[in-house]
Amino acid sequence: MTDWLPRIVALDIDGTLLKWVDGQTEDYETITAPVLDAVHRALDAGAHIVLSSGRSPHGMTRIADLLGLPREGTDRLWIVASNGAVVFRYPPIEVVHEETFDAAPAVAAVLEHHPRALVAVEERGVGGYRVNRVFPEGEISGEQIITEVDDIVGEPVSRVIIRDPEATADDFIELAARLGLHGTDYVVGWTAWMDLSPVGVSKASGLEHVCRELGLGASDVLAIGDGRNDIEMLRWAGRGVAMGQSVDAVKEAADFVTDSVVDEGAAVEMSRWFPAPRA
């Protein structure tokens, strides 16, 4: 790969750009100088920066602003949200691609085993969520509108969050494997947090859409992430890089493992391709 240079840098947010912690608040949303500098060196070299996250669109625009993206006088940013179910341009938010599905059967199957679980669907265009009960502080952004589950998933949606503070990530992994969740894809987070999405939709499929629009391909992409929802993206990209604190399944999907988020692993990897000028 000595002659290779990324033309797209796809960046996860939580645990990659940001030092994610349990019980997070928006105060933790700080871009460090090494990360900011590396992102802008990539831009200086002509690369496209694409944010790619499980977050909703409104939860991602704040991060774009913190990164100073897009630069003044340049094209609007491409962003892959909701684990690939939504692709949009910014600013302003303009959804250019969205995948939806009937989540009701999968949600009912999970709630049968975790009846006290929390359920949320983003209120598109508003920035808040419809929830059956309030989520722990800092876990989702925007207003939380209490809604019956049948109404939350009563129409096609792009993504559903199911969260059980009384369970573990392993509990959800085992349950999802046992249920099969036919017609639905899922990913389990660091805690007992499950994202349900349409079959075949992932950060990789969202990035494929962006690549087509830019006239580029997977081989042009450097992707960096730390979560189970990054596995497809890391396998798909020309170079997939796992953060140092990632679980083994994520590291095994990657071409390379960089330093942890605490040690600025994303900046370390970007600096491999877009080095800082020598003093």
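**Exercises on a predicted chain**

D230 counts as buried because its relative accessibility is 0%; buried means under 20% relative accessible area, exposed over 50%, partly exposed in between (1.4 Å probe, protein chains only). The model is predicted: local features need pLDDT of at least 70, side-chain atom pairs count only at pLDDT 80 or more, and totals for chains, interfaces and linings use all residues. Residues are numbered from 1 along each chain as its sequence is written, and side-chain values use heavy atoms, with hydrogens and water left out.

**Exercise 1. Describe how β4 and β5 are joined.**

Step 1: find the direction. Strand β4 (residues 86–90) and strand β5 (residues 94–98) run antiparallel, joined by 4 bridges. Two strands pair if DSSP finds at least two bridges between them.

Step 2: V86 stands opposite E98 in β5.

**Exercise 2. Identify the largest nonpolar core and trace L17.**

Step 1: apply the criterion. A nonpolar core is a set of buried Ala, Val, Leu, Ile, Met, Phe, Trp, Tyr and Cys residues joined through side-chain atoms within 4.5 Å.

Step 2: name the centre. The largest core has 37 residues; V9, L11, L17 and L51 have the most contacts inside it.

Step 3: name the contributors. Elements giving two or more residues to this core include β1 (8–11), α1 (33–44), β2 (48–52) and α9 (265–273).

Step 4: trace L17. Leaving aside neighbours within four places in sequence, L17 is in contact with L11, D12, T30, I31, V35, L51, I63 and L67.

Step 5: look beyond. Another core, of 25 residues, lies apart from the largest one; L111, V119, L175 and L196 are among its residues.

**Exercise 3. Summarise the whole chain.**

Step 1: count elements. The protein chain has 9 helices and 14 strands.

Step 2: check burial. Buried residues make up 54% of the 279 residues.

Step 3: check the extent. The C-alpha trace spans about 60 × 40 × 35 Å along its principal axes.

Definitions and conventions: Contact means heavy atoms within 4.5 Å.
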